[in-house]
Structure formats: C-alpha cells, structure tokens
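Okay everyone, thanks for coming.

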Amino acid sequence: MTVAAIGSIPLIMTLGNSMLIPILPQMKSALKLSQLQVSLTITVFSIAAAIFIPVLGYLSDRFSRKIVIIPALILYAVGGLLAGLASAGWPAAYIWILIGRTLQGIGAAGTAPIAMALTGDLFKGGEQSRVLGIVEASNGLGKVISPILGSLLGLLFWYAAFFAFPVFCIVSIFLTWLYVKEKSHRQAPPPFATYVRGLFSVFKHEGRWLFTTYLAGATCLFTLFGILFYLSDILEKQYTIDGVKKGFILAIPLLVMVITAYFTGAKIGKNMYLMKRLIVLGFLFMTISYGSLVFVEKLVPFLMVLVLSSVGTGLVLPCLNTLITGSVGKERRGFVTSLYGSVRFLGVALGPPVFTRLMAWSRPGMFISLAALTLVVGLLAFLMIHIAKPKGDKDHINESYRYNYV
C-alpha cells in the first residue's frame, strides 16, 4: 500500500496535461480560441510547475515530504475545480481557466518530483530501482488512461475533465496520509547557507553528468507531449477521428512506454553500466523512429514506427530516475530530484507551442528536427555520463555506488 500511495502521486500529476489533450479541439471551438491559445492551457500548467518545483523541493528537504505533498494535492484539486466552474459559463472563462491551470501547476510541483525523493528515502538498493520503475510506470499509466478518460468525460461535456481532478486528488491524499510513514527521527535541517553550499558542491562535482541527465529527461517529455499534440490534431483534421476512439489511439504509444518503463525499472537494479547503455540505446531508438516518420503518412504504419520512440522513452526515463535519485544524500535529494522535475516540466511546456510552429512550418522538417535533437542528446549521454568502477568488495560497492560518477 505504501508503493500504491507513492505511485498515485505522479499519476495525479500526469492527468493534469494528458487528460486535456483529447478535449483541446472542443475547447478551441467552444471558447473560440486560436491554436496557440489552446496550447497555453498546457504550457501555463507546466511553467508554473517548473518554477515552483525547486521551492517545494527545498521545503521537502527542510521539513518533510508529506508536509509538502498533501497541501500540493489540495491546491491541485482547487485549481481543477476553479477551471471547471469557469468553463461552465463564467465571463472571461479562458482567463479563469488559465488561472486554475496555474494553480494546478503549482500543486503539481509538489507531486512526482517529491515522490521520487520519498522513494529514495524509504527504499534502498535494487528495491529502490524497482519502486522508481513503478513510479515512472505509474506516471506513464496516467498518460495511457488519461486520453481515454478525457475522451469519455468529454462525451458528457467538454470541461468535465476539470471536475475529475478533485476526485483523483482526494484518493491520493487519503492513500498518502494513511500509508506513507516517514521516519520520525529526521535530522535537524541545516541552516540555509549550509544547504546552499552543499548544493553548489554537488553540482560542482557532479554537474556535468547531472545536467546531461536533466537535458535527457526534458527531451523525452518534450518529444512525447509534442508528438501527442500533433497526433491529436491530425486524428481530427486528417482522419476525422475523435471521441473515445481518438483516446484509445493516443494511448497506444503511451502504453508501450509504460510497459517498457516497468520492466526496465525492475531489471536495472544498481547496474549503472546497464543504465548508461539503455539511455544511449533509448535515444538511438527515438532518433530512428522520428527520422523514419518523415517517410510515413498513413495512420497504422505511422503508429507502428512511433511505437519505437515509445520503447526508447521507456528505456531512458527509469534509468535517469535511478541515477538522479541516487546521486546525493537524503538531506539534499528533494532539491536535486525537484530540479530534474522542473526541466521535465519545461520539456512538457515547450512541446505544444513549439510543435504548433513546426506543424505550420514543415512536416518533414519537424521530424528531422526531432531526430537531430534526440541524436545530439544521446551522444551527450554517451560522452558525459562516465561510470568509474568503484574499488572494494561487493558490499562497499552497494553502499557507495551513488558517489562514483565521474
């Protein structure tokens, strides 16, 4: 139940964007918005989250994870309720929706990244990698079910998804309150100046590979949400597919990513050599997939080729989670994992508006640009993430693996 409670937290965060993607065309029509305006409902959520994640990460280090997670979920629910009420007929509904989405973004800042740090606190070794894999799979599961759920709710009325957010948050709050038990003998938090000096020390010694992993995570989420935004648009415009059928089609690449992430997290354990190889392999799969999509236009072959990029994303994300969570001690883990969450959210935020421009510019150019991006990031991962073989016996290696990045 502890794992289920932790897994529910990133799932809630994921619903915040993915559940709205199928209803964006309906929102655009109902509120008479431009394509850029409707994409901002995704972007403001993600930018607000990216800004507040480091703040809440620091607070979770200084106080406790639950003290941050539960109020964040409450704020998330309030933002969804506000957006739903505004959509039901308030004057200037679009502005209120953006305000509600901003509140949701601030709440989301205290969900998945803090859940990663909490996993690092409660689980160790191979079990930690397994649970982090479950956390990433839960994140992906949210992405799988949310387009279907958003499409089903859209059959009632287009803004019904906003009212669903508080319901899911209540469930997650209940599970977290009852089943997540943090250690009661937490050490006194260090003075702020000492905390900041420690962070500078971490990034001074580990910055090269940490920033590379941050870039890798942002790239995965940027390409994922950008492609979903593109796919949602062409399904309606080019193939006249909408409603639940569209939700199921959007869920196909996400389901592949979830399954891959779950098995990757279960198998990698503490094997950092394997993690690096899988990260590079994942970006190679993404590059091949996006490069091939230039030549594929029919829907079924398009989805079959796109699935390869989903496999790549599913290989990369659990490895990044484990590397970053194990990179620092518990006293600064919340900030470091939260900063990682920030750049992931920035990737999500950039996806829809950038893809709006790319779609207007050139379809082949869009996919060639994506292939070039993933190729460069894969090369950076290959060059910047170096694993130094630690000295000592097996037990020593298991205790000190997180400090042996070069």
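Quick term before we start: a nonpolar patch here joins nonpolar side chains within 5 Å, from residues with over 30% relative accessible area and no salt bridge. And keep in mind, this is a predicted model.

So, which residues form the nonpolar patch on the surface? You want L81, L85, W90, I95, W96 and I99, and together they have about 520 Å² of accessible area. Two elements, α4 (65-87) and α5 (93-108), each give two or more residues to that patch. L81, for instance, sits in α4. The top contributor is α5, with 3 residues.

Okay, on to charges. In general, side chains of opposite charge can pair when their charged atoms come close.

Last stop, helix packing. Here I'm looking at α10, residues 243-268, against α11, residues 272-292: the angle is about 155°, and the axes are 10 Å apart. Over 145 degrees counts as roughly antiparallel, so that's what α10 is to α11. On the α10 side, the contact uses T264, K267 and I268, and α11 brings L274, M275 and L278. Sort those by class and you get 4 nonpolar, 1 polar and 1 charged.

That's my tour, thanks!

Notes
Residues are numbered from 1 along each chain as its sequence is written. This is a predicted model: local features need pLDDT of at least 70, side-chain atom pairs count only at pLDDT 80 or more; totals for chains, interfaces and linings use all residues. Side-chain values use heavy atoms; hydrogens and water are left out. Axes are lines fitted to C-alpha atoms, for helices over the stretch in contact, and angles run from 0 to 180 degrees between N-to-C directions. Helices (H or I, at least four residues) and strands (E, at least two) are DSSP runs, numbered from the N terminus. Angles under 35 degrees count as roughly parallel, over 145 as roughly antiparallel, 65 to 115 as roughly perpendicular and the rest as oblique. Contact means heavy atoms within 4.5 Å. Ala, Val, Leu, Ile, Met, Phe, Trp, Tyr, Cys and Pro count as nonpolar, Asp, Glu, Lys and Arg as charged, and the others, Gly among them, as polar. Patches are made of residues with over 30% relative accessible area and no salt bridge: like charges are joined within 9 Å, nonpolar side chains (Val, Leu, Ile, Met, Phe, Trp, Tyr) within 5 Å. Accessible areas come from the Shrake-Rupley method with a 1.4 Å probe; for residues, only the protein chains shown count as cover. A salt bridge is a side-chain nitrogen of Lys or Arg within 4 Å of a carboxyl oxygen of Asp or Glu.
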